[in-house]
Amino acid sequence: MSTQQVADLLRQAKRILAVTGAGISSESGVPTFRGAGGLWGRFCAEDLATPEAFARDPELVWRCYDERRQDLALKSPNPGHTVLAGWEKRWPDFQLITQTVDGLHQLAGSKRVIPVHGNIWEMRCVDEGSIVIDRSVPLSTIPPRCSRCHALLRPNVVWFGEPLPAAAMATINKLLSRCQALLVIGTSAMVYPVAEFPLIVKKNGGRVIEINTEATPLTGLADYVLQGRAGEILPEIDHAL
Ligand code: OAD
């Protein structure tokens, strides 16, 4: 399967969705979650990314997020992010969904991006639910507090055991039902609900394209599989369009 075939498919499609995982940022030097050198274990233990851990010891949880934010602050978008940012200008119906929380899509210029797992540069007041953007590293006070009510702020990311934002999911379900081409990029495709997206799109007659350095549970199901680095393959497709 060639990048040209995928470019031909995309040129014919109007309603295109791209869903990215940690692999989109790996060429920016951001560790992925699973596999050798994976994020779980390098920064935070997986069991710290839970509401229970935060209730027990918010300072400990924030120390791990502060460390991760300091690392991410040094990273820049790569050509994969840049191509996806350009595609929202090329197709009025192009929509990007990301499981990354690193904000690199937004830094690359993507405006229409749904961060299903939240954004590490946002903090949410545990009492009011208000959200502030804060890119300061390292944090001056740990744990940070709401400037209005002084309650704790938490990272505005989805933790294990928490539901995904309902409004975002409603929007995504609508998009999936009418999607003609779904690109699944740099994700192990094992975590729900993203793991289900290809099945929904295929059921509705859309095509699925996987871009990944390795085989995943999705590989056998995808209509097109481009094995390799997203930061190289996406510019190749873009060039072939
Ligand atoms: P994973 O770490 O599970 O998977 C990353 C995927 O990217 C793997 O399939 C790699 O083969 C692939 N990959 C690595 N480098 C690549 C490259 N340069 N180009 C293309 N592919 C590449 O990360 P996710 O699938 O994003 O959830 O994980 C999903 C969710 O699980 C995360 O959002 C996180 C985690 O628990 C929460 O934190 C809620």
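**Stop one: the pocket**

Sort the lining of the largest pocket by class and you get 18 nonpolar, 16 polar and 6 charged residues. (Nonpolar means Ala, Val, Leu, Ile, Met, Phe, Trp, Tyr, Cys and Pro; charged means Asp, Glu, Lys and Arg; the others, Gly among them, are polar.) Keep in mind that this is a predicted model, where local features need pLDDT of at least 70 and side-chain atom pairs count only at pLDDT 80 or more, while totals for chains, interfaces and linings use all residues. Residues are numbered from 1 along each chain as its sequence is written, and side-chain values use heavy atoms, leaving out hydrogens and water.

A pocket here is an open set of points on a 1 Å grid over the protein atoms alone, where a 1.4 Å probe fits, with protein on both sides within 12 Å along at least five of seven lines; lining residues have an atom within 4 Å of a point. Now select Ala22, Thr32, Phe33, Arg34 and Ser188: of the 40 lining residues, these lie nearest the centre of the largest pocket.

**Stop two: the ligand**

Which residues come nearest to the ligand? Show Glu27, Arg34, Thr187, Ser188 and Asn212, out of 23 around it.

**Stop three: polar contacts**

Look for N or O pairs within 3.5 Å. A polar side-chain atom of Thr187 is 2.6 Å from a ligand oxygen atom. For Gly186, a polar backbone atom lies 3.2 Å from an oxygen atom of the ligand.

Conventions
A residue is near a molecule or strand if one of its heavy atoms lies within 4 Å of it. A polar contact is a pair of N or O atoms within 3.5 Å; within protein, one must be able to donate a hydrogen and the other to accept it, and residues adjacent in sequence count only if both atoms are side-chain atoms.
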